[in-house]
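Please read it alongside the sequence and the structure.

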Amino acid sequence: MNKTNTPDTLPFYPPAHKADNHHGLSEALVLDWAEVILQERFLRSNYLVSPDLARSYLRVAFGKEDREVFGMVLMDNRHGVLDIAKLFYGTIDGASVHPREVVKTALSHNAAAVLLVHNHPSGNPEPSTADRRLTERLKEALQLVDVRVVDHMVIGSDEVVSFAERGLI
């Protein structure tokens, strides 16, 4: 017997909670799919050779958060991407970041380098004084175990600020 494809049997049909009543697809579902596609591209690229690719993925992965999230891209000594980790979740205006956990995560992935990242739910990606101090603390802690900090990106609604491009790393 030949089974017909109905909306509920199609593999790409959205779950009921992710659909809207008019088009079958909600914006949330499309954004979820976009994040998965960009993450796969980002990881498949193997080497972090394009800041634009990193910006695109990180903007999708961190920009939609409604509270501050801190994470990092873990890399080998040639900047091959090993993993992306979201480590700390905070409130709308801050997240507590613990250097010990950052170092532990880098070591558990055998990372030689990291790209730090966090979002500003306010939409303004301008790094604060606290962001700069935290970056220095993490850089010093990671340096003790021979892990390089190659950048710290702050994700806003429409823009991503790179510490490296501003000469802050």
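**Strand pairing and overall fold**

Strand β3 (residues 113-119) pairs with strand β4 in the parallel sense over 7 bridges; strands count as paired if DSSP finds at least two bridges between them. This is a predicted model, in which local features need pLDDT of at least 70, side-chain atom pairs count only at pLDDT 80 or more, and totals for chains, interfaces and linings use all residues. Residues are numbered from 1 along each chain as its sequence is written, and side-chain values use heavy atoms, with hydrogens and water left out. The protein chain has 4 helices and 5 strands, where helices (H or I, at least four residues) and strands (E, at least two) are DSSP runs numbered from the N terminus.

**Architecture**

- Along the sequence, the elements of the protein chain follow the pattern α-α-β-β-α-β-α-β-β.
- A right-handed β-α-β unit is made by β3, helix α4 (residues 129-143) and β4; a crossover is right-handed if, with the strands pointing away from the viewer, the path from the first strand over the helix to the second runs clockwise.
- Within the pairing of β3 and β4, L115 stands opposite D151 in β4.
- Strand β4 is also joined to strand β5 (residues 160-162) by 3 bridges, and these two strands run antiparallel.
- β4 and β5 form a hairpin with 4 residues between them, and I155 stands opposite V160 in β5.

**Burial and contacts**

- Of the 169 residues in the protein chain, 39% are buried; buried means under 20% relative accessible area, exposed over 50% and partly exposed in between (1.4 Å probe, protein chains only).
- Strand β4 (residues 148-155) is mostly covered, with 6 of its 8 residues buried.
- H118 has its place in strand β3 and counts as buried because its relative accessibility is 2%.
- Leaving aside residues up to four places away in sequence, H118 touches E68, V69, F70, D131, H152, M153, V154 and I155; contact means heavy atoms within 4.5 Å.
- Among contacts in the protein chain between residues at least 6 apart in sequence, 63% join residues at least 24 apart.

**Surface**

- The protein chain has an accessible surface of about 9900 Å², of which 50% belongs to carbon and sulfur atoms; accessible areas come from the Shrake-Rupley method with a 1.4 Å probe, and for residues only the protein chains shown count as cover.
- L25, V30, W33 and I37 make a nonpolar surface patch of about 330 Å². Patches are made of residues with over 30% relative accessible area and no salt bridge, joining like charges within 9 Å and nonpolar side chains (Val, Leu, Ile, Met, Phe, Trp, Tyr) within 5 Å.
- I37, one of the patch residues, lies in helix α1 (residues 27-44) and counts as partly exposed at 47% relative accessibility.

**Salt bridges**

- The count comes to 4 salt bridges, a salt bridge being a side-chain nitrogen of Lys or Arg within 4 Å of a carboxyl oxygen of Asp or Glu.
- One of them joins the side chains of E65 and K86 (3.0 Å, N to O). E65 lies in the loop between α2 (51-63) and β1 (69-75) and K86 in strand β2 (residues 81-89), so the pair ties together parts that are 21 residues apart in sequence.
- E65 is buried, with a relative accessible area of 18%, whereas K86 counts as partly exposed at 28%.
- The side chains of R166 and E126 meet in a salt bridge (2.4 Å, N to O). This pair links distant parts of the chain, with R166 in the segment after β5 and E126 in the loop between β3 and α4, 40 residues apart.
- R166 is partly exposed at 39% relative accessibility, and E126 is partly exposed with a relative accessible area of 37%.
- K104 and E101 also meet in a salt bridge through their side chains (3.5 Å, N to O); both lie in helix α3 (residues 99-108), 3 residues apart, about one turn of the helix.

**Backbone in the loops**

- H79, a residue other than glycine, has a positive phi near 70°. H79 is placed in the loop between β1 and β2 and counts as partly exposed at 25% relative accessibility.
- N110 has a positive phi of about 55° although it is not a glycine. N110 is found in the loop between α3 and β3 and counts as exposed at 65% relative accessibility.
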